[in-house]
Amino acid sequence: KLASLALQPVVTPVLVKGRVHLKCSYSLLSSKLPLQYVVVWSRLSTSGKKEQIQRDTTLQSFSYIEMNGVNLRLGDTVFCTVTAFTRDTPEQQSLPEESKGFYAGIKFLPESLQIAEDGKEHILTILSTVPIACPGRDDSCKITLQLSTEDLDSQFLGPPDIALSACQVDLLQVPCLESSCAEATLTVTAVTDFAKDGNRISRIRAEPVGQKDLLWRAYTPKDVKVTVQDLPTGNCYSFTDPHIITFDGW
C-alpha cells in the first residue's frame, strides 16, 4: 500500500461545450514514482445506497462526468472516490479518498418555513447548484420555475394558508459562486383569514416549464413545507341598547 496521500477530492459543477458536467479535482502529487489515478463516480440512490456510474483511469488531476438526465440526473447526490497507484506496480495503491456529497439540483433556503398569521413577509431563496446551459442562440440562459401552493390537510377545502409574491421565477445564468450557480428570491406570507382553523401545513412546489432539455424537463424539485401558526383574531359585536364592543375591547 502507498501511504495516505491527502488527495482531497472535491466535486464542482462546470459547463463543457454548453452541457452540464461535474468535475472531480484532487491534489496531483509530486512523486518520484510515476502515478496514475482511478476516479470512481457514484450517486446516492433513492433507497440510500451508493451506485457506481463511471470509472476513469487518468494521469490528470481531474475527471469529468456529464449530467445527461439518464444515469446522472438532477436531484442526485454525487460522490467521487480517488485512488492513486504506481504505473509500474499497479498493486501498490493508496487508500481510496472520497469527496463530500455534491447535491445537483434546486435548493430552497430555508428548506422549510414556520410562519404566523401576522402579515409579515418571509424571504424564500431558490438556487440552482448546477450552471444553467444555453442550448441554442434563441434561448436566453435561464430556467423558469412555475410556483404553486397546496394545503396538505385534506379537511380544509379552501385555498392554502399562504400567499407568494410571484407565480413564476427565473433562474438566470451567473458564474457559480460557492454553492449557487443561479438564484432568485420571493416572499411568502401567511394569509390572515379571520378563522380559528388551527395550525395548518402547506407546501410550495416549483416545476421547470418550457424546457426542451431532458435534464430539466424530467426534474421536479423537492417541495418546501410551510407551517402556518394560527393567531387569534379580533372580533366586534353589539347587544341591547346597543353597546358596541370594538376590536380593541372598548
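In this predicted model, isoleucine 201 has threonine 227 of strand E17 as its bridge partner. That pairing belongs to an antiparallel arrangement of E16 with E17 (residues 224–229), which extends over five bridges. The chain as a whole contains 19 strands and one helix. Its radius of gyration is 26 Å, well over the 18 Å that the globule rule gives for 250 residues, so the chain is more spread out than a compact globule.

**Overall form and surface**

- The C-alpha trace spans about 105 × 45 × 30 Å along its principal axes.
- Buried residues make up 38% of the 250 in the chain.
- Among contacts with a separation of 6 or more, 65% are between residues 24 or more positions apart.

- Strand E16 covers residues 200–209, and its side chains alternate between two faces.
- In a regular strand, side chains alternate between the two faces of the sheet.
- One face of E16 carries Arg200, Ser202, Ile204, Ala206 and Pro208, which are buried.
- Besides its pairing with E17, E16 runs antiparallel to strand E12 (residues 142–151), to which eight bridges join it.
- Serine 202 of E16 stands opposite aspartate 151.

**Threonine 189 in strand E15**

- Threonine 189 is located in strand E15, which comprises residues 182–190.
- Its relative accessible area is 18%, so threonine 189 counts as buried, the limit being under 20%.
- Leaving out residues up to four places away in sequence, threonine 189 touches Ile115, Gly119, Lys120 and Glu121, and also Asp161, Ile162 and Ala163.

**The loop between E9 and E10**

- Proline 110 lies in the loop between E9 and E10, and a cis peptide bond, with omega about -5 degrees, joins leucine 109 to proline 110.
- Glutamate 111 is placed in this loop as well, between strand E9 (106–109) and strand E10 (112–116).
- With a relative accessible area of 62%, glutamate 111 is exposed.
- Apart from neighbours within four places in sequence, glutamate 111 is in contact with Val224 and Lys225; strand E17 spans residues 224–229.
- Glutamate 111 and arginine 43 are separated by 68 residues in sequence and by 22 Å in space, C-alpha to C-alpha.

**Loop residues with positive phi**

- Lysine 17 is found in the loop between strand E1 (10–16) and strand E2 (19–25).
- Phi of lysine 17 is near 50 degrees, a positive value in a residue other than glycine.
- Lysine 17 has 85% relative accessibility and therefore counts as exposed.
- Glutamate 178 lies in the loop between strand E14 (168–172) and E15.
- Glutamate 178, a residue other than glycine, has a positive phi near 55 degrees.
- The relative accessible area of glutamate 178 is 83%, so this residue is exposed.

Conventions: Residues numbered from 1 in each chain as written. Predicted model: local features only at pLDDT ≥ 70, side-chain atom pairs only at ≥ 80, totals over all residues. Heavy atoms only, no water. Helix = DSSP H or I, 4+ residues; strand = E, 2+ residues; numbered from the N terminus. Rg over C-alpha atoms; globule rule 2.2 N^0.38 Å. Buried < 20%, exposed > 50% of the residue type's maximum accessible area, 1.4 Å probe, protein only. Contact = heavy atoms within 4.5 Å. Pairing = 2+ DSSP bridges.
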